[in-house]
Amino acid sequence: MKLYGFDEVGEGLELLPLAARRALDAAGLKLGREAWAALPLEAREALASEGSAHDVDTARVRDLCAAAKPQTVAVRTEPAADRAPAEVLSALGEARPLPAALWSSLSALDRYALSKAAERSTPERVDAAYREIVGATVLSTHLSPQGTVRMVSVGQKEPTLRRAQAESFVSLSSAGLQRLRDGNAKKGDVLATARIAGIQAAKRTADWIPLCHSITLTRVEVELELQAESSRLHIVTTAEALDRTGVEMEALVAASAAALTVYDMLKAYDRGMELGPTRLLAKSGGRSGDYRR
């Protein structure tokens with residue numbers, strides 16, 4: 001159950017909160033103040049919880065408020081997720097920007113709340129709604145409205161095929177290069193271990209990078225090429241997934257882990273190895289489109 005400060009509804013739910021209004025609108029129902037107050041607190045909380053969900057269970061909403069004999073009204077259509085309605089943008093004005101990508105990243109309830117605030121609210125209420133729902137997020141979707149770091153919600157995106165390729169390098173001395181070429185490092189097979197490390201790291205990217213989502217990878221490849229003329233190892237990684245967010249970080253983490261593993265296994269012979277540059281080579285899938293270096 002989500003309650004907004006600007007809505008000025010306490011946890012006792014004496015008044016109808018926006019979350020419950022969304023639930024009723026989705027079911028095509030209307031409750032007056034007296035009818036709402038007559039419902040048990042448990043029913044009011046359940047209605048607010050339904051309205052806080054991504055998808056409203058309209059059958060349950062009808063059951064929860066049946067005893068109050070709600071009025072039947074037209075079902076309110078949810079605001080489209082791709083871009084803010086013109087009336088919302090007009091109410092916010094130029095001083096309160098709301099880019100399409102940011103609007104899409106908001107929860108269904110947040111979009112509903114902003115739309116309701118834009119309808120007949122005072123400028124002060126519109127401003128309060130914007131500050132609470134958008135706030136610092138307009139600077140970055142990785143910031144909460146209060147300016148704290150957060151993980152972006154991707155639950156409303158459709159899964160698509162995502163692919164990314166990254167590379168890294170390990171520059172070695174002649175001694176390190178010889179050990180790598182001959183395959184006689186004391187710690188074992190450097191190249192095989194680096195491949196495994198890259199694959200394992202890609203699968204644990206969300207543990208490495210705080211704001212990354214856990215995704216189900218369908219493919220990870222780690223290719224290693226010894227470039228004797230430049231005395232370095234070239235690492236190319238590929239990551240694929242059918243998911244709601246990209247796999248660039250998985251490919252980059254795989255390349256980084258493979259390079260670090262090579263360093264660890266050869267540092268007894270060459271502590272001056274240099275790693276990098278590590279960089280994205282290509283990505284495809286998702287709303288941002290394709291990229292190729």
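At a relative accessibility of 73%, K69 counts as exposed. The model described here is predicted. K69 sits in the loop that links α4 (58-65) to β2 (71-72). Its phi is positive, near 50 degrees, and K69 is not a glycine. Most residues other than glycine have a negative phi, and most peptide bonds are trans.

S231 belongs to the loop between β4 (217-227) and β5 (232-243). Is S231 buried or exposed? Its relative accessible area is 18%, so S231 is buried. The cut-off for buried is under 20%.

P277 lies in the loop between β6 (274-275) and β7 (279-284). Both G276 and P277 are in contact with F169. F169 itself belongs to strand β3 (residues 160-171). With a relative accessibility of 5%, F169 counts as buried. Beyond its neighbours within four places in sequence, F169 also touches Q227, R232, L233, H234, E274, L275 and R279. T278 is 109 residues from F169 along the chain, yet their C-alpha atoms are separated by 7.0 Å.

The helices were examined next. Helix α1 (residues 18-27) packs against helix α7 (residues 108-120) at an angle of about 95 degrees. Their axes are 10 Å apart. The two helices are therefore roughly perpendicular to each other. From α1, the contact uses L18, A19, R21, R22 and D25. From α7, it uses A108, L109, Y112, A113 and K116. By class, this contact of α1 with α7 has 6 nonpolar and 4 charged residues, and no polar ones.

Helix α1 has another partner, helix α3 (residues 41-52). The axes of α1 and α3 come within 7 Å and cross at roughly 75 degrees. That makes α1 roughly perpendicular to α3. On the α1 side, the residues are A19, A20, R22 and A23. They meet L47, A48, E50, G51 and S52 of α3. The contact of α1 with α3 divides into 5 nonpolar, 2 polar and 2 charged residues. A19 and R22 of α1 take part in the contact with α7, and A19 and R22 also meet α3.

Helix α8 (residues 123-133) has buried residues as well. They are V126, A128, A129, Y130 and I133. These buried residues pack against α5 (86-92) and α7. V126 and Y130 are also in contact with R96. R96 lies in the loop between α5 and α6. Its relative accessible area is 18%, so R96 is buried. Further contacts of R96, leaving aside neighbours within four places in sequence, are A91 and D127. R96 and R131 are 35 residues apart in sequence, and their C-alpha atoms are 8.9 Å apart in space.

Where do the nonpolar residues gather? The largest nonpolar core has 24 residues. Those with the most contacts inside it are Y4, F6, L98, W103, L114, I133 and V134. Five helices, α1, α5, α6 (100-105), α7 and α8, each supply at least two residues of this core. Which helix gives the most to this core? It is α7, with 6 residues. Apart from neighbours within four places in sequence, L114 is in contact with V88, L98, W103, L106, A129, Y130, I133 and V134. A second core of 19 residues is separate. Its members include L13, L16, W36 and V61.

Cysteines complete the description. A disulfide is a covalent bond between the sulfur atoms of two cysteines. How many disulfides are counted? With sulfur atoms required to lie within 2.5 Å, the count comes to 0 disulfides. C65 counts as buried because its relative accessibility is 0%. C212, at 13% relative accessibility, also counts as buried.

Note on methods:
Residues are numbered from 1 along each chain as its sequence is written. This is a predicted model: local features need pLDDT of at least 70, side-chain atom pairs count only at pLDDT 80 or more; totals for chains, interfaces and linings use all residues. Side-chain values use heavy atoms; hydrogens and water are left out. Axes are lines fitted to C-alpha atoms, for helices over the stretch in contact, and angles run from 0 to 180 degrees between N-to-C directions. Helices (H or I, at least four residues) and strands (E, at least two) are DSSP runs, numbered from the N terminus. Angles under 35 degrees count as roughly parallel, over 145 as roughly antiparallel, 65 to 115 as roughly perpendicular and the rest as oblique. Contact means heavy atoms within 4.5 Å. Ala, Val, Leu, Ile, Met, Phe, Trp, Tyr, Cys and Pro count as nonpolar, Asp, Glu, Lys and Arg as charged, and the others, Gly among them, as polar. Buried means under 20% relative accessible area, exposed over 50%, partly exposed in between (1.4 Å probe, protein chains only). A nonpolar core is a set of buried Ala, Val, Leu, Ile, Met, Phe, Trp, Tyr and Cys residues joined through side-chain atoms within 4.5 Å.
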